[in-house]
Amino acid sequence: MLQRLGFPVRVALLLLSFALIYHGLFGPQFAPKNLTTLFVWVHYRGLLVLGVLLFANLFCASCPLVLWRDLGRRLIKPRYKWPARLKTKWPAIALFILVLFLYERFDLWASPFGTALLLIGFFATITVVDLFFKDASFCKYVCPVGQFNFVASMMSPGEVTVKSEATCRSCTTMACVKGAPAKRGCELKLFPPKKAGNLDCTFCMDCQRACPHDNIEVSTGLPGRRLFDVTHGVPGAVLERAWARPDVAALIIAFTFAGLLNAFAMVGPAHEFQISLAQALNTREESVTLAILFAIFLLALPAVLLGATSFLSKKSAPPQALAIFIPTLIPIGLGVWAAHYSFHFLTGALTFLPVLWNALALPEVDLQTWASIPMGVSTAIVTPLQMGILGLGLVGSLIAAQRRASRVATNNAFAAAWPWHLLFVLIAIFSAWVFTLPMDMRGTILGA
Amino acid sequence: MLKRFLLPLTLILLSALPAKAHEGPPYPIMVDQPMERGKFSVWADPDVGEGTFIVILETEKEEDLEGVGFEVLGQSHKNREPFAGVKAERSPEMDQRGNLRAYTAKLPFDHEGKWRVAVTPSRGEAPAAEARAEVDVDVTPPGPSKTEFVIFIIPFIFVGLLWGLLAFKRRRA
C-alpha cells in the first residue's frame, strides 16, 4: 500500500507546498487567516505525531522534498559522496535546534511570511545537498524534521522488515541496498536483514521495490518493542551499536528535552523568566534571553538530570549505564511532543475551513453557518486525551527502563532502573504542569 | 494488519467526537465583516463566567485604523434580556504587520447555553449600526469536569496496562 500511495501523495503534497509558500508570501499576513501558518503549525505537526503513533514514519514516506529532489536529479546527477566526517547526526541536531530557535525568536507561528521562508529554506537545502551528494544524504544526515521522525518512529507499531531471513541468506544480489536495473536500492544504506527498528528509515520502500524475492514487508508489532530489550542477534547488535553512538544519544536527548522546551516556551512562566533575565542582564535583545533558555533546557538540564540519574543507576548497572538507558527516553519524549501537538491540532482542526473558503474566493457563507460548525474538538475531551498520551509515554519509558535493566543487571534490575523511573516521572509531572497552564494558541490566534 | 491498529484507532476516533459546543482556545465566529473603510473578524472563547472576544480590524490604508472602536454585546436566548455590552479595549500586543489592529472584549456569561453576540463598529463617536454583525454562540463551562476527565482518561489507563502486560509477557515468552 505504501508503495502504491507514495508517489500520488508526494505529488499532492508538493503542490500543496507550493500553494502554502505562495499564500505565506502573498496572502493575508494575519496568521489565523493564512493557510501557511495554519497548515504548518497546527495540522502538519499534529498529523505527524498522530501518524507516527498509529502507524509509522508516514511523513518521510510521503515527503514532497524527495519528489522535488528526484525531479532535480533528472537534470543534475550528483557526483560526490557525503563526506565521511559528516556521516553523523551532529549536523542534523544543529539544524534541529536552529529551526526551533528561529521558530521562537521570530515567532514563526505568527508569521506567514517567515513560515513560507522556512519552507523555501527546506527546498533550497535539499536541492543543494542532494544535487551535489549521492544517495539520500539530506534525509539521513541533514533534515531536522527527518531526525525527529526517525527517533519518534522507534515507537511506531509499523516497521520495514524481511519476511524470511533464510531467503535473505540465500540471496546473492543484495538489490535491496545496492539496487537493481532501473530500481534503486535503499539510499539510506539500511540493509533489511540487519535492520532493527525505524532509525534512519524513511519508509520510501525502495528496498521492497528492488528486492527480487518479494521478501520485504511492513510488519507490525508492539509499539516500542525495539526499545524494551537489549536485543541480541545481528539486527539487535546493529541497533545497540547505534544507541552507543554519542551523536545518536545526543539526538535522543535533544528530541526529549526540546519537547519540554517547546511546550514551556509557550506559557506564562517562560515569558516571565525571560523578562526577569532581560532585566538582570540589562538587555532588550530577545536572542540573548532565548539562547539562555535554550542552553538551560538543552545543555544544563540534561547534563544535571542525566548525570545524576546515570550516577545513581551505575551502582547496580554496568559502567555503560547511560548508553543502555538513553533509548528509554524516547517514549516519554514522544509523549510530551504528541500531547502538545495533538492539543493544538485537535482544538483547531477545522479552523482552516473559513480561511480556505476565503482564499478560494468562494461564495459568502452566512455567519451562523460558520459559528455552528465546531472548529475543533472540545477541551473536555482533548485535555484528558493530552494527559493520557503523556501518561502512555511515561508507561513506555518505565517499561523500557525496567526491561533493559533486567537484561544487564540481572542481580537487581530495579536498583539499576529506579533512578530512570524517577527521572521519567519528574519529566511527566513537569509536562503535565506546563499543559495545565494557558498556552499561546500558535497558528489559530495570536499569542501574547 | 488492520486488527493491530483497531484499538488505538478506536480510542483516537472516540476522542475525536465533534464538539457540540466549543470549549478551549478562541475560534473564529465572524470573518471579514465589512464596515466603513475596512473589515473586521472576531474570535470567541465563550466560557461561562467570562467570555473573551478578540476583534481584528483590517484596513487598506493605515490612516483608516484611527478612531475605530468596537462594542461587543450579548443576549441570552434563555431569558431574552436586552443586550448588555462592553467596549472592546485595544490590544496592541496582538497587532500584526500590515494594517491590522486587535481589540479584546470580555463579556460576562452567567449561565451556559445559546447566546446571541453582536459586534458593532464605530468611527469616532458614532456607532455604525449598518455594519453591526450578530451570531449565536454556545457558552460552555471552561475545561472538563472531574467526571468527564475520568471517563476520557480510562481508555488510556486500559491501554497502558495492556501494553505493560504484553511487554512483560513477551519477555517471559
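## Enclosed cavities

In this predicted model, the count of cavities of 30 Å³ or more comes to 2. The largest cavity has a volume of about 100 Å³, and its lining is made up of 13 residues, of which Cys186(A), Leu190(A), Cys201(A), Cys204(A) and Cys207(A) are the closest to its centre. Sorted by class, that lining holds 10 nonpolar residues, 1 polar residue and 2 charged residues.

The second largest cavity contains about 70 Å³ of space. Among the 10 residues that line this second cavity, those closest to its centre are Pro32(A), Thr351(A), Val355(A), Pro28(B) and Trp43(B), which belong to chain A and chain B. Two elements give two or more residues each to this lining, namely α19 (352-359) of chain A and β1 (27-35) of chain B. The class division for the second largest cavity is 7 nonpolar, 2 polar and 1 charged.

## The largest pocket

The largest pocket holds about 1,100 Å³ of space, and 50 residues line it. Nearest the centre of this pocket lie Tyr44(A), Leu48(A), Phe59(A), Leu119(A) and Val145(A). Helix α2 (residues 35-54) of chain A provides the largest share of the lining, with 8 residues.

When the residues of the pocket lining are divided by class, 37 are nonpolar, 7 are polar and 6 are charged.

The buried residues of α4(A) are Pro64(A), Leu65(A), Val66(A) and Leu67(A), together with Arg69(A), Asp70(A), Gly72(A) and Arg73(A).

A search of the whole structure, over all chains, finds 24 salt bridges. One of the contacts is between the side chains of Glu240(A) and Arg404(A), which meet in a salt bridge at 2.8 Å, N to O. Because Glu240(A) lies in helix α13 (residues 233-243) of chain A and Arg404(A) in helix α21 (residues 379-408) of chain A, this pair ties together parts that are 164 residues apart in sequence. Both Glu240(A) and Arg404(A) are buried. Elsewhere, salt bridges that share partners join Arg69(A), Asp70(A), Arg73(A), Asp130(A), Arg184(A), Glu187(A), Asp206(A) and Arg209(A) into one network; Arg69(A), Asp70(A) and Arg73(A) are among the buried residues of α4(A).

The side chains of Arg105(A) and Glu285(A) meet in a salt bridge with an N to O distance of 3.2 Å. Arg105(A) lies in helix α5 (residues 90-105) of chain A, whereas Glu285(A) lies in the loop between α15 (268-281) and α16 of chain A, so the pair ties together parts that are 180 residues apart in sequence. Glu285(A) counts as partly exposed because its relative accessibility is 36%, a value that falls between the limits of under 20% for buried and over 50% for exposed.

A further salt bridge is formed where the side chains of Asp214(A) and Lys163(A) meet at 3.4 Å, N to O. This pair links distant parts of the chain, 51 residues apart, with Asp214(A) in the loop between α11 (206-210) and β2 (216-220) of chain A and Lys163(A) in the loop between β1 (158-162) and α9 (165-170) of chain A. Lys163(A) has a relative accessible area of 43% and is therefore partly exposed.

## A nonpolar patch on the surface

On the surface, Phe311(A), Leu312(A), Phe414(A), Trp418(A), Leu422(A) and Leu426(A) form a nonpolar patch, and together these residues have about 590 Å² of accessible area. At least two residues of the patch are supplied by each of two helices of chain A, α16 (286-314) and α22 (413-436). The helix that gives the most to the nonpolar patch is α22(A), with 4 residues, and Phe414(A) lies in this helix.

## Chain B

Chain B contains 2 helices and 10 strands. Read along its sequence, this chain follows the pattern α-β-β-β-β-β-β-β-β-β-β-α. Of the 173 residues in chain B, 46% are buried.

Terms used: Residues numbered from 1 in each chain as written. Chains lettered and ligands numbered in written order. Predicted model: local features only at pLDDT ≥ 70, side-chain atom pairs only at ≥ 80, totals over all residues. Heavy atoms only, no water. Buried < 20%, exposed > 50% of the residue type's maximum accessible area, 1.4 Å probe, protein only. 1 Å grid on protein atoms, 1.4 Å probe; cavity = no way out; pocket = protein on both sides within 12 Å on 5 of 7 lines; lining within 4 Å. Points joined across faces, edges and corners; volume = space filled by probe spheres on them. Nonpolar A, V, L, I, M, F, W, Y, C, P; charged D, E, K, R; others polar. Patch = residues over 30% accessible without salt bridge, like charges linked within 9 Å, V, L, I, M, F, W, Y side chains within 5 Å. Areas by Shrake-Rupley, 256 points an atom, 1.4 Å probe, with all protein chains shown as cover. Salt bridge = Lys/Arg side-chain N within 4 Å of Asp/Glu carboxyl O.
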